[in-house]
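Let's walk through this one together, question by question. Have a look at the fold before reading on.

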Amino acid sequence: MPLPSIDIELSSPQSVDGRPAAYQSLWLLVRLHHAQRQGEVVALDALRGQVSSARTLRMVVSRAFRDFKAWGLRVGWGTDAARDPRFLNAEGRSQGPFWLPAAEARRLRLRVDGQPARPADVAAFLGLSASPRRARTSAAAEAQASAVQLQDARFWHQLAAAQQAMRQGRWAVPIQGRRDAKAPASALAAMRQAADLAQDDYQRALVTLNEALLWRRLGDDAQARKRLAALQRQRLARQVASHDYLGAMAAIVGAWCSYTARDLPQAQAQLAAMTRDAQQAPLLRHHPQVRFEWSNLWALACRSRALGMAATDAAAATQQADEAMAHFGRALAAAFESHAFDAAQHVAANMGMAVWLFDRVGLGVQAAGQARGVDARRHAVQWIAFSEWLCSLADGQGRSAWNAIYLMRIARGDCQPRPGLPLAEFAALRPLTPRALAEESADRLIPGLDGPATRGGWAGVAAQHLADHDAGQRRYPGLQLAGLLFEQAWFAAHDRDLRTAATALTRLRTVLPQLVPSDRAYFRDVWNDALPAELLALEPPPRRSARRAAMG
């Protein structure tokens with residue numbers, strides 16, 4: 001049954017269905033009606049100077065929504081204008097943006113002195129004069145809102161320095177031994193300087209997005225989410241240049257935070273929502289960076305799902321594995337379209353590890369191009385070798401610990417000690433050496449695996465990465481640090497160096513609280529299952545979890 005129409009008198013005294021109406025509430029309703037006919041939403045900034053000062057906006061919005069309810073109208077807020085307003089969370093309502101569903105807009109009958117209001121009447125009521133001069137002024141204001149600040153290059157210099165530092169792995173501290181005035185700043189320091197130099201809303205929003213990216217790469221998802229919330233407030237308050245790009249990247253960072261917390265359904269729901277968003281969906285087709293980030297993360301989520309269901313539903317797992325590999329391929333293509341070698345090295349490493357993991361759970365035929373066993377391992381190592389080579393193009397700057405961790409896991413992959421194996425039998429296991437694994441990849445050695453660090457075998461490789469971290473030359477997030485420490489413990493124990501192995505496990509114990517529960521479960525379980533009895537006597541494992549989880 002259609003809802004009744006609502007008569008709105010715009011001339012003073014304003015009324016709704018013959019009852020007196022607060023001017024501010026009525027102005028917002030008419031502004032929403034006007035925006036709905038234009039296919040737009042109303043940003044919070046549209047209210048400033050029109051019906052309220054910045055200090056009283058929250059009160060005005062709250063009063064307006066009470067009036068809307070009294071008038072029998074359903075008005076929406078937030079970024080998803082397709083939602084039913086009845087089911088929205090009122091907690092964030094005061095931040096906007098606001099919108100009027102089409103069905104509600106059709107109920108409104110706008111009148112002036114009892115006669116149907118003309119477009120010029122509505123524009124005059126809202127303060128949107130339709131005169132040519134006003135139209136030119138509005139166009140100029142809109143152009144100014146989307147303009148990029150070019151008056152001062154210092155902001156762009158600091159932003160470039162911050163982004164370069166992120167690529168080089170200089171997250172929060174400068175390179176050890178280079179603390180003079182000419183030393184490159186850390187990404188965090190350069191970002192703060194860029195924030196101080198920002199002169200308009202776009203520059204401030206761009207800094208906030210990059211801060212969220214920085215904190216995510218540092219492994220601090222709480223800080224990343226805070227910066228995303230700040231970016232949301234900035235974007236809802238004002239329409240700025242690259243508005244859609246900022247929104248798309250913010251959505252991806254939010255999905256990354258969910259993935260890091262191992263909430264796969266939420267991560268994929270956030271990514272899927274982007275494909276339905278009218279502003280973000282075109283970016284997924286036409287913007288290489290957005291397409292890379294989306295496809296790489298979607299592939300990682302599919303990889304996790306495939307591994308999780310391989311033992312119980314092989315057909316569904318195979319489908320997820322194939323989807324993962326397809327999206328890894330799309331991510332790699334997008335990285336090369338934008339000449340982003342840093343992005344390419346990340347997806348190459350993820351793809352290589354996926355090939356190996358899929359083969360381990362019996363999905364190698366479908367997911368790794370018919371490769372099985374040694375062939376799958378060779379295929380996997382080739383991709384990781386390619387990732388390392390891409391890193392070497394920038395003198396190894398920005399290299400994470402994942403490639404080293406992946407290679408060490410692959411090297412000991414055929415060693416399956418039973419829990420509590422005596423040290424003599426553990427030491428008799430035969431993991432692949434760094435040189436053997438590198439040569440297996442092709443006729444090119446993997447950069448970094450034929451240098452001095454490898455003289456101590458894999459334990460030496462792990463030790464070198466940990467030394468770089470401790471010296472401030474690299475900064476590895478908690479999960480990478482935990483991976484390095486466990487691999488050092490395993491390979492040191494294999495070399496019968498129980499003192500080094502026990503020291504690594506002692507340090508690993510202090511890192512575990514930083515990890516999400518599923519990652520803590522992984523390390524607790526492999527600690528108990530994969531290490532020799534003599535080492536467990538020195539460093540007993542933490543309390544065992546009942547659930548296992550795949551790392552990486």
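Q: Is Q24 buried, exposed or partly exposed?
A: Keep in mind that this is a predicted model. Q24 has a relative accessible area of 34%. Buried needs under 20% and exposed needs over 50%, so Q24 counts as partly exposed.

Q: Which helix holds Q24, and how far is Q24 from R63 in space, C-alpha to C-alpha?
A: Q24 belongs to helix α1, which covers residues 23–37. Along the sequence, Q24 and R63 are 39 residues apart. In space, C-alpha to C-alpha, the gap between Q24 and R63 is 8.7 Å.

Q: In what order do the 5 strands of the open sheet come?
A: Start from the edges, where each strand pairs on one side only: these are β3 (19–20) and β7 (115–116). The pairing in this open sheet is mixed. Read across, the order is β3-β2-β1-β6-β7.

Q: How do β1 and β2 run, parallel or antiparallel?
A: A hairpin takes β1 to β2 through 5 residues. Strand β1 spans residues 6–9 and β2 spans residues 15–16, with 2 bridges joining them.

Q: Which residues does W490 contact, leaving aside neighbours within four places in sequence?
A: W490 is one of the residues with the most contacts inside the largest nonpolar core. With its sequence neighbours set aside, the contacts of W490 are R412, C415, F426, L429, P431, A530 and L531.

Q: Why does T208 count as buried, and what does T208 touch?
A: T208 lies in helix α8, residues 201–217. Its relative accessible area is 3%, and the cut-off for buried is under 20%, so T208 is buried. Not counting residues up to four places away in sequence, T208 touches R227, A230, L231 and Q234.

Q: How far apart in space are A230 and L209, C-alpha to C-alpha?
A: A230 sits in helix α9, residues 221–237, and is buried, with a relative accessible area of 9%. In sequence, A230 and L209 are 21 residues apart. In space, their C-alpha to C-alpha distance is 9.1 Å.

Q: What is the accessible area of the nonpolar surface patch that includes F341?
A: F341 is found in helix α15, residues 341–360, and is partly exposed at 38% relative accessible area. F341 forms the patch with F336, W389 and L393. Together their accessible area is about 360 Å².

Methods: Residues are numbered from 1 along each chain as its sequence is written. This is a predicted model: local features need pLDDT of at least 70, side-chain atom pairs count only at pLDDT 80 or more; totals for chains, interfaces and linings use all residues. Side-chain values use heavy atoms; hydrogens and water are left out. Helices (H or I, at least four residues) and strands (E, at least two) are DSSP runs, numbered from the N terminus. Buried means under 20% relative accessible area, exposed over 50%, partly exposed in between (1.4 Å probe, protein chains only). Contact means heavy atoms within 4.5 Å. Patches are made of residues with over 30% relative accessible area and no salt bridge: like charges are joined within 9 Å, nonpolar side chains (Val, Leu, Ile, Met, Phe, Trp, Tyr) within 5 Å. Accessible areas come from the Shrake-Rupley method with a 1.4 Å probe; for residues, only the protein chains shown count as cover. A salt bridge is a side-chain nitrogen of Lys or Arg within 4 Å of a carboxyl oxygen of Asp or Glu. A nonpolar core is a set of buried Ala, Val, Leu, Ile, Met, Phe, Trp, Tyr and Cys residues joined through side-chain atoms within 4.5 Å. Two strands pair if DSSP finds at least two bridges between them.
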